[in-house]
Amino acid sequence: MLARWIDRVRINTVEPSWREGRRIFIKRRLPYLAPVLLAGNVFLRLSRSRIRMFVGAGEWAAWERTSFELLHGAEGSAGPVGRDALYTTELPGIPLLRLAGEGELRAAAVRAAGVELARAHGLATPARGPWSHGDPHLANFLYDEAAGRARLVDFETRHEPDLPAIDRHADDLLVFLLDLLGRCPEASWPELAREFLSAYGAQPAIERLRGRLVFPRGLERTLWACRTNHLSSERLRGGLRRLASALDGVAASG
Ligand SMILES: Nc1ncnc2c1ncn2[C@@H]1O[C@H](COP(=O)(O)OP(=O)(O)OP(=O)(O)O)[C@@H](O)[C@H]1O
Ligand SMILES: [Mg+2]
């Protein structure tokens, strides 16, 4: 019940528009959000999510902009729109979630996501060190088939500041894999998970991920219900076992 309610909470709107002849997206925070964000952050802490939402609109917009410029500054731009909104120039591609919904999510797309996540994890900001996303689920990767690459959007949440980079990176891998497990058929997701992990590469975060493949309890189970599209406990248990073997494969090939 709680997980279903959390899924329905909206904190911003995203609208396409135009600016200086380029297509942009304007992301705007809904009004009177502070109580929702504060309650949301209590849930994120108690559920051991390792991420937080920004309560202040200014802080939120600054991080979205910093992240967009860090990852996509060579091809696009981002900036404020008034006090509670931000624009980003359009990036090419289709959300992986849409491909999954159409039964069209294939190895090439998840490989591109793995390569892009590894690239993004190799970047850093002066204030925070190595970069991490916090919520890289399938809807936050755009797959550009023509260029054979994926790009990340949506820098709405951020990892806890004290969490070491290796744990933040392992957490990003886990969020992606849990969404894959919840959105793709039983017959196809293990192979897609292997493709994603091997494209990410045999990095230390892969080993750290192994320790995260433990069936969650309490509010963490509620969080995982949201992160796995409400997968049953039985399928989640089986999924965790198969993810562990996928990790063995990457470790052996690395
Ligand atoms: N710069 C961009 N270029 C292309 N598409 C974008 C861009 N920014 C946002 N989008 C599209 O709008 C969608 C919603 O944007 P975003 O993920 O930032 O907001 P959100 O409200 O947090 O979404 P959600 O809660 O569904 O993750 C993205 O999944 C993507 O399809
Ligand atoms: Mg999003």
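Among contacts in the chain between residues at least 6 apart in sequence, those joining residues at least 24 apart make up 68%; two residues are in contact if their C-beta atoms, placed from the backbone, lie within 7 Å. The model is predicted, so that local features need pLDDT of at least 70 and side-chain atom pairs count only at pLDDT 80 or more, while totals for chains, interfaces and linings use all residues. Residues are numbered from 1 along each chain as its sequence is written, and chains are lettered from A and ligands numbered from 1 in the order in which they are written.

The chain contains 10 helices and 11 strands, taken as DSSP runs numbered from the N terminus (helices H or I, at least four residues; strands E, at least two). The chain has a radius of gyration of 18 Å, close to the 18 Å that the globule rule gives for 254 residues, so it is as compact as a globular protein of that length. The radius is taken over C-alpha atoms, and the rule is 2.2 Å times the number of residues to the power 0.38. Along the principal axes, the C-alpha atoms fill a box of roughly 50 × 40 × 35 Å. Of the 254 residues, 39% are buried (20 or more other C-beta atoms within 10 Å of the residue's own; exposed, 12 or fewer; partly exposed, in between; C-beta atoms placed from the backbone).

An open sheet is formed by four strands in the order 1-2-5-4, with antiparallel pairing; two strands pair if DSSP finds at least two bridges between them. Strand 1 and strand 4 (78-81) are at the edges and have a single partner strand each, so one side of each is left without a neighbour in the sheet. From one strand to the next, the twist averages 30 degrees. Strand 2 is joined to strand 5 (residues 85-89) by five bridges, and Ile24 has Thr89 of strand 5 as its bridge partner. Strand 4 is joined to strand 5 by four bridges, with Val81 opposite Ala85. Three residues lie between the strands in this hairpin, where Gly82 takes a positive phi near 65 degrees. Helix 3 (residues 57-72) lies across strand 2, strand 4 and strand 5, at about 160 degrees to strand 4. Axes are lines fitted to C-alpha atoms, for helices over the stretch in contact, and angles run from 0 to 180 degrees between N-to-C directions.

Further antiparallel pairing involves strand 9 (residues 141-144), which has two bridges to strand 6 (residues 94-95) and four to strand 10 (residues 149-152). Ile94 is opposite Tyr143 of strand 9, and Asp144 has Arg149 of strand 10 as its bridge partner. The hairpin of strand 9 and strand 10 has four residues between the strands, and Gly148 there takes a positive phi near 65 degrees.

Ligand 1 is surrounded by 14 residues, the closest being Val14, Phe25, Thr88, Leu91 and Asp154; a residue is near a molecule if its C-beta atom, placed from the backbone, lies within 6 Å of it. At least two residues of this shell come from each of strand 1 (12-19) and strand 2 (22-29). The shell comprises seven nonpolar, three polar and four charged residues. Ala, Val, Leu, Ile, Met, Phe, Trp, Tyr, Cys and Pro count as nonpolar, Asp, Glu, Lys and Arg as charged, and the others, Gly among them, as polar.

Gln203 is placed in the loop between helix 7 (189-200) and helix 8 (204-210). Gln203 counts as partly exposed because it has 19 C-beta neighbours inside 10 Å. Between Gln203 and Ala118, 85 residues apart in sequence, the C-alpha to C-alpha distance is 8.9 Å.
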